[in-house]
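Good morning, and thank you for making time for this presentation. Please look at the sequence and the structure together as I speak.

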Amino acid sequence: MDNFKEKIAVVTGGGSGMGRELVRQLAREGCSVATCDVIDKNLQQTLEEVGSECPEVQLSGHHCDVGVEADIQRFESEVREEHATSHINLLFNNAGIGGGGSFVNDSRENWERTFNICWNGVYWTLRAFLPLLKASDEGHVVNTSSVNGFWASLGPGVPHTAYSAAKFAVKGFSEALLTDFRIHAPHIGVSVVMPGHIGTSIAINSQLIMGRKTEMEFSSEAIKAWRERLIQAGMQIHNESDEQIVERILERSDAFRDNAPTSAAQAASIILEGVKENRWRILVGEDAHRLDDRVRKAPEKAYDFEFFSLTS
C-alpha cells in the first residue's frame, strides 16, 4: 500500500496527539477516515480541524471507550453505516492511557482499566474490524506498542506495570500476526509501532479517562498517588499542599508534551511512511532507536541502576 488515496481508515484515539495527526495526514492524502475517542471535546476538535482542511474527504467521529468491548462493536457498526462500506483498508489501534503503575500498591480497578484500554482495546478492535479488513483488496493493521513494550521501566524509582505489560502484549500479538496473516490473510499487512517520548497530552487525558471531571479537578486519591510517585522520584514535596501537588502535575504534563524530542505530527509521518514501506517494526524517535539498541546489547542489565543513568 504505497499510498492512501481513496482508502478507508479507522483510527482509535483520534481526539489528540498521534491519533489526531494520523487522521489529519491520512485525510490530506485523500483517505476517508473514521475515528473514535472517549473524550468528546477532543474528538470534536479533531473533526473541526481536519474537516476544514480537507472538506472533500469523508470523515466521521464516534464516541467509543476501547476498554469496553460493546463500545467497539457499536463503533464498527457505525463505521459500516456512515461510510456505506463492507470493507476498510487500514486499522490504527492507537488509543492508550497511562496508569496502574504499581501492581503492589495501585488499586485493582485502576490497574485493570489501564490494561484493558492498552491491550484489550487492541485485541477487541481487531476482532471487530477483521471481517472488514479481510473483505478489502489490500489492508494493513497498525498496533501502537511503546518502548515500554521492550523495556518495562520509567526508571528505578517508578513502577510501571500495567502499561508495560499491555504494551508487551501488543508487541507479541503483532509479531504473531505476521505469520497468521501470511497464511490466512496474505493481503493484510501488520506493523507494530514503538514510540519513544512523543509530544502528546497523554498524561492529562489519562487522568480525565480515569475519572477526573475537568483538567483542573483531581480526586484526593489521584493527588495521593501523584504525591507518592513524586516522592519515589526523589522530590522533596512531603509538606506541600494538595493545590501545590496539582500545580506540579500540570507543569509536568505540559513539559512532557512541550519538551518532547519528537512531535505528534513527526511521529504520525514516521508511522505512515513505515506502512507505505510495509515495515512490520516501526521505531519512532531517536530516543526509541537508542534505547532499543542498548536493551538488545545488554538485556540482562536493562533494569540495573547504571543502565537507567545512561538512558536519562
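This is a predicted model: local features need pLDDT of at least 70, side-chain atom pairs count only at pLDDT 80 or more; totals for chains, interfaces and linings use all residues.

Residues are numbered from 1 along each chain as its sequence is written, and side-chain values use heavy atoms, with hydrogens and water left out.

Helices (H or I, at least four residues) and strands (E, at least two) are DSSP runs, numbered from the N terminus. A nonpolar core is a set of buried Ala, Val, Leu, Ile, Met, Phe, Trp, Tyr and Cys residues joined through side-chain atoms within 4.5 Å; buried means under 20% relative accessible area, exposed over 50%, and partly exposed in between, with a 1.4 Å probe and protein chains only.

Which members of the largest nonpolar core touch the most other members? They are Val10, Ile88, Phe129 and Phe181, in a core of 26 residues. At least two residues of this core come from each of E1, strand E2 (32–37), helix H3 (69–82), helix H4 (108–134), helix H5 (161–184) and strand E6 (188–195). H4 gives the largest share, seven residues. Apart from neighbours within four places in sequence, phenylalanine 129 is in contact (heavy atoms within 4.5 Å) with Val10, Phe75, Glu76, Val79, Ile88 and Leu91. A second, separate core has 25 residues, among them Ala9, Leu26, Phe92 and Ala268.

I turn to the helix pair. The axes of helix H1 (residues 17–28) and helix H2 (residues 40–53) come within 10 Å and cross at roughly 20°; the axes are lines fitted to C-alpha atoms over the stretch in contact, with angles from 0 to 180 degrees between N-to-C directions. H1 is therefore roughly parallel to H2, a term for angles under 35 degrees. H1 contributes Arg20, Val23, Arg24, Ala27 and Arg28 to the contact, and H2 contributes Asn42, Gln45, Thr46, Glu49, Val50 and Glu53.

Finally, the backbone. Most residues other than glycine have a negative phi. Glutamate 6, however, has a positive phi of about 65°. This glutamate 6 lies in the segment before strand E1 (8–12) and is exposed, at 67% relative accessible area. Asparagine 278 also has a positive phi, near 55°. Asparagine 278 lies in the loop between helix H9 (264–276) and strand E9 (281–284), and is exposed at 53% relative accessibility.

Key
Angles under 35 degrees count as roughly parallel, over 145 as roughly antiparallel, 65 to 115 as roughly perpendicular and the rest as oblique.
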